[in-house]
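Subject: Structure handover

Hello,

Here is the structure you asked about. Please open it next to this message; my notes follow below.

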Number of protein chains: 2
Amino acid sequence: MAEQNNGENKVITIYDIAKEAGVSPSTVSRVLTNNAKVRQEKRDKVLYLVRKYNFRPNALARSLSDTRSKVIGILVADIRNPYYAELFASCERAAHNAGYTVLLTNSSGDPQREGELIELLQEQRVDAFIQMGGSVDALFSEEQYEERLNRDMAHIPVVVTGKVEGMDCHMVRIDSAQAMKLLMEHLTGLGHKRIALIGGRMDVLGTHEKFLQYQQCLAEHRLVFDPTLVAEGGSYDMESGYELMNRMFENGAEPTAVIAVNDFSAAGIVRSIVEHGKRIPEDISVVGYDNTYIARMMIPPLTSIDYNYEEYGNRLVQTAICAIEGKETDRLQTVTPRLVVRGSSGRAPE
Amino acid sequence: MAEQNNGENKVITIYDIAKEAGVSPSTVSRVLTNNAKVRQEKRDKVLYLVRKYNFRPNALARSLSDTRSKVIGILVADIRNPYYAELFASCERAAHNAGYTVLLTNSSGDPQREGELIELLQEQRVDAFIQMGGSVDALFSEEQYEERLNRDMAHIPVVVTGKVEGMDCHMVRIDSAQAMKLLMEHLTGLGHKRIALIGGRMDVLGTHEKFLQYQQCLAEHRLVFDPTLVAEGGSYDMESGYELMNRMFENGAEPTAVIAVNDFSAAGIVRSIVEHGKRIPEDISVVGYDNTYIARMMIPPLTSIDYNYEEYGNRLVQTAICAIEGKETDRLQTVTPRLVVRGSSGRAPE
DNA sequence: ATTAGAAAGGAAACCGGTTTCAGGTCCGGA
DNA sequence: TCCGGACCTGAAACCGGTTTCCTTTCTAAT
């Protein structure tokens, strides 16, 4: 490509348009941005040429000029997790509708890479920065990270799904405690008394909140807290769920219901349960968080907590845009979770 | 943010660095790009200030100046499909290692949105464009699409995973036929004679190739081609697989093995089979394509075709970069598939 | 017909880098 | 002492837009 040597082999600019239309570049710019009146005749001529040459203005030059790039940078912990994929897709739609582009980067959960990507986004002069998962979800995030965020993003609005202690930023968070309450009410309502909590790491904000609420719900229902029914550690994937559930069986624990930290790990938990010759939900009920397609995919389909990704992503983006444009917004917003009951949860065995 | 009125509230530039270091902006630029010799003393001073102020050069300005943005645009059909998510993650790694940034956009399978996103990427002056899935996979893509690609991407290297007839671009494709052969050898080797082919649309290149190879393999093994064992239509997701398998049962077809067009639809197919009271693999074997985590997640785990995403993504990006830098590369490259046998496929019932 | 005021549009500066060009410094060799 | 070349470095142009400033042109009111 770019090899043919017929005359018109260069990318055209407003100067080219201006010359052919017999007007100044300023006028072309005015037509394109609609920022000022231009005589209909000249406007038509410019628009005709724009279409004729399929001219697209150079977004880089524009961004350089008005020091607004109209790009929102998004950093996710793991794009392969459907939770983030869903959220990203929703953010992209919202941003697009508002005239913004999103630049996605994926840290793969690596804190160092996270840092590099933040620098990269800053060099790209994104107008705002949204971080979903990763260090911002850490209950006690490393100082190094906060420092970097403070330094690099000093002049850029930051919106996170977690909580950054020392950072002046916006947060849109899920009410994890409320979600846990929904699950616990559901399970206790079905007669469950030995409810396990599996997966996640306690130094992650949401997971910690879930745990606290779990204990509180137990107390409210006058159920004893049994430490052998709680297994944490590992990452938020299938393998971890599988390992943790296996270990719980080995330890002789006999839950009648399991709350998985997310759908992903629920899939592993279910596998372990099946391999141990138990049926779902007759012997053990399993519920999860996130309500991704994984929940619908499982057999039986998983009872899960839904967040309304469309609204969640929208809130993230709207918050970012408000901050960019200097409008006031709530510093901390909360997304309300909703319970979706499916076949994986049923009455407790007698 | 950007609210505190202590002196240093502006984004600093090379001019600020230059002034404080007592050198010219050119010298600062030279230090940063390492494009020319600078006296050690001045170099140190500049680097010291760069660190002191945590200066990051404006990538937009740089791109504008050398008309190379060092950004590769990627368009995927559906980022929620782990196949694309995996591929994207791999591309991003490869690009990062080569000093490039990737700009991901997601068309959600909507052809019109696809067009808009291509324009957007062009405005962002990406150095190359990689399209994974969507219109490029269509056997007979709409003329409108090809026209747009030709027009908008006229000066930019294009790499696609499918095939664009009228377009002068690079292709990195999976050898779908070879993949089908692997599956058919596997199944016939297990004694299967009634092998169904389910999911996908025949007007999609890869799907079409699979079908042709399916027929050929049948012939080679002297098995009759039974049209009731082939079900196409719908999209490439779980729901489609479920529907199509249900319909096949209703039609009275009795396959002993099913080849799903991908893991995603295999999940739906498995559900249908289970709901019809059959066991996997004792009664029916199921195999799929893509070997995403979905394959590992299913119960029993799915026999699937793996592509080595790391290498696949790498090839896509390397091809793009070669084209950017004007190096010669093969116009058409092929990714070799590999069979991963798991629990979902077994001996045919007698 | 005159003129105030609005509307339209060109020239030039600017955004923040990179690169070319030309001048200056310093060196060794004649 | 003079000269050629290697090595540095600053001035200025450039990338492709937007925007300010100011002049010109039009319109309408007196």
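In which loop of chain A does Pro281(A) lie? Pro281(A) sits in the loop between helix 11 (263-275) and strand 9 (285-289) of chain A. Helices (H or I, at least four residues) and strands (E, at least two) are DSSP runs, numbered from the N terminus.

A word on the source. This is a predicted model, in which local features need pLDDT of at least 70, side-chain atom pairs count only at pLDDT 80 or more, and totals for chains, interfaces and linings use all residues. Residues are numbered from 1 along each chain as its sequence is written, while chains are lettered from A and ligands numbered from 1 in the order in which they are written.

Backbone points

Back to that loop. The peptide bond between Ile280(A) and Pro281(A) is cis, with omega about 5°. In chain B, a cis peptide bond runs from Ile280(B) to Pro281(B), with omega near 5°. Pro281(B) is in the loop between helix 11 and strand 9 (285-289) of chain B.

Two residues have a positive phi without being glycine. Ser108(A) has a phi of about 55°. Its place is the loop between strand 2 (101-106) and helix 6 (111-123) of chain A. Ser108(A) is partly exposed, with 15 other C-beta atoms within 10 Å. Thr67(B) has a phi of about 50°. Thr67(B) belongs to the loop between helix 4 and strand 1 (71-76) of chain B. Thr67(B) is exposed, with 11 other C-beta atoms within 10 Å. The cut-offs: 20 or more other C-beta atoms within 10 Å of a residue's own make it buried, 12 or fewer exposed, and anything in between partly exposed, with C-beta atoms placed from the backbone.

The contact between the chains

How many residues of chain B are in contact with chain A? The count is 45, and they meet 45 residues of chain A. Contact requires C-beta atoms, placed from the backbone, within 7 Å of each other. Elements giving two or more residues to the chain B side include helix 4 (59-66), helix 5 (82-97), strand 2 (101-106) and helix 6 (111-123) of chain B. Helix 5 of chain B gives the largest share, six residues. By class, this side has 23 nonpolar, 10 polar and 12 charged residues. Here Ala, Val, Leu, Ile, Met, Phe, Trp, Tyr, Cys and Pro count as nonpolar, Asp, Glu, Lys and Arg as charged, and the others, Gly among them, as polar.

The DNA

DNA strand C has 28 residues around it. A residue is near a strand if its C-beta atom, placed from the backbone, lies within 6 Å of it. The nearest are Ser24(A), Lys37(A), Arg39(A), Ser26(B) and Ser29(B). Helix 2 of chain B gives the largest share of this surface, six residues. The classes are 10 nonpolar, 12 polar and six charged.

DNA strand D is surrounded by 29 residues. The closest are Ser26(A), Ser29(A), Ser24(B), Lys37(B) and Arg39(B). Helix 2 of chain A gives the most here, with six residues. This surface has 11 nonpolar, 12 polar and six charged residues.

Domains

Chain A is divided into domain 1 (14-57), domain 2 (70-174 + 309-335) and domain 3 (176-306). These bounds come from an automatic or database domain assignment. The C-alpha centres of domain 1 and domain 3 of chain A are 62 Å apart.

Best wishes

Methods. Two residues are in contact if their C-beta atoms, placed from the backbone, lie within 7 Å.
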